[in-house]
Structures are given as C-alpha cells and as structure tokens.
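Hi,

Here is the structure I promised to pass on to you. Please have a look at it first, and then read my notes below.

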Amino acid sequence: ELLQIEKTRKLDITEEIYFNIIQRKTASLIAACCASGTNSVGQNKEVVEKMRLFGEKAGIAFQIKDDLFDYEKHSLIGKPTGIDIREQKMTLPLIYTLNSVNDQVKNHIINTVKNHHKDDKKVAEVIDLVKKHGGIEYAEKKMNSYHKDAINILASFKNTAANKSLRLLLDYVVNRKK
C-alpha cells in the first residue's frame, strides 16, 4: 500500500515541485561550482553570488534540455527515448501536458504512466500526446528563459575571454543534440 501511495504522489507533481527538484539536483551542483570557482580567485561576495545565480540558471536550463531528450527520436540522440516515462519521472513537458489537456486525456496519460510504463507502444503514445499538446514547446520556452537570464547575468560583467567562454558553454547547453 505504501508503494502505491508513493506512485500516486510521484505522478501528482506540480511545475513548482519539478523546479524545486531540479534546482536542488543539477542546478545546485553547477551553482556551487560557479560560486566556488569565483570565490577561489578572490572575488567579492556580490560577484560570487552573481556567479552562483548564473550557475543555477544554467543548471536549470541544462536539466530541462536533458528532459527534452526523452522526447526525441532515438536515432537522433543515440540513447533510448521514453526513459523518464518508463521510470515514472514527471518532467516539465509531461507536467505541462497534464495541466493543459482535458480530464479524459489526462486520465489516459496518468493510467499509462502508472500501469503501462513498460509497454513501448504505450510510452510512444504518451510521447506523441506530449508533442501534440505543446509540452515540448513549453519546456523549450522555459529553458530559453533560463538561458536568457543566465546570459543577462554574464552581461553585467566585462566582456573577457572567460565571459565569452561561459556564453559559448551556455549556448551549447541549450543547443546540444546529445
């Protein structure tokens, strides 16, 4: 019974919870790296905080991009798709879709993710529904917003070689194909 309750909770995730999870997971790691690197060269607390925030924004954008790969064709990215659905992970494209479809479609998706997540055809069906109902576009829009926020933080610094490298890295994060 406890396992079933946990499965139900896992599928009852909001966008706010999703962002909280990825902020604590991927984004906090990148933020800590950026802050500690900045601190290690003797920058003041304000600069360290700006770079921590840059890393957080970059990390969130990175995780959204990674989640989007789950909806790409296997041949394009070189890894199986639908893994997050098979593992019953609620990512931004799926969360958005569940919040934007009618109850019948929502119940069908939830039932599939809960009970048929090992069935390749059913997983492909959920992927198609996410694509059809704008989940991919929504997640890309959010990812690009975090990318823009990170770029704006970098714009507050001098245009140095390090700044240019961080911009290139950030562009790679959102434009990567694998």
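A question to start with: is Lys 57 buried or exposed? Lys 57 is buried, at a relative accessible area of 18%. Here buried means under 20% relative accessible area, exposed means over 50%, and partly exposed is in between (1.4 Å probe, protein chains only).

Before the rest, please keep in mind that this is a predicted model, in which local features need pLDDT of at least 70 and side-chain atom pairs count only at pLDDT 80 or more, while totals for chains, interfaces and linings use all residues. Residues are numbered from 1 along each chain as its sequence is written, and side-chain values use heavy atoms, with hydrogens and water left out.

**Overall fold**

The chain has 10 helices and zero strands; both are DSSP runs numbered from the N terminus (helices H or I, at least four residues; strands E, at least two). Of its 178 residues, 40% are buried. If you take contacts (heavy atoms within 4.5 Å) between residues at least 6 apart in sequence, 71% of them join residues at least 24 apart. The chain exposes about 10,500 Å², with 53% of that supplied by carbon and sulfur atoms; the areas come from the Shrake-Rupley method with a 1.4 Å probe, and for residues only the protein chains shown count as cover.

**Salt bridges**

There are six salt bridges in the structure, each a side-chain nitrogen of Lys or Arg within 4 Å of a carboxyl oxygen of Asp or Glu. Back to Lys 57: its partner is Asp 149, with the closest N and O atoms 3.7 Å apart. Lys 57 sits in helix α3 and Asp 149 in helix α9, so this pair ties together parts that are 92 residues apart in sequence. Asp 149 is partly exposed, at 28% relative accessible area.

Glu 15 belongs to helix α2 (residues 15-40) and Lys 142 to helix α9 (residues 135-155), so parts 127 residues apart in sequence are tied together. Lys 142 counts as partly exposed, at 26% relative accessibility.

Glu 87 and Lys 89 also form a salt bridge, with 3.0 Å between the closest N and O atoms. Glu 87 is partly exposed at 39%, and Lys 89 is partly exposed at 41%.

**Leu 170**

Leu 170 is in helix α10 and is buried, at 2% relative accessibility. Beyond its neighbours within four places in sequence, Leu 170 contacts Phe 54, Ala 58, His 147, Ala 150 and Ile 151. The C-alpha atoms of Leu 170 and Ala 58 are separated by 6.5 Å, though the two residues are 112 apart along the chain.

**The second largest pocket**

Among the residues that line the second largest pocket are Thr 38, Met 51, Phe 157, Lys 158 and Leu 166. Helices α3 (45-68) and α10 (161-175) are the elements that give two or more residues to this lining, and α10 has the largest share, with three residues.

A pocket is an open set of points, on a 1 Å grid over the protein atoms alone, where a 1.4 Å probe fits, with protein on both sides within 12 Å along at least five of seven lines; lining residues have an atom within 4 Å of a point.

Best wishes
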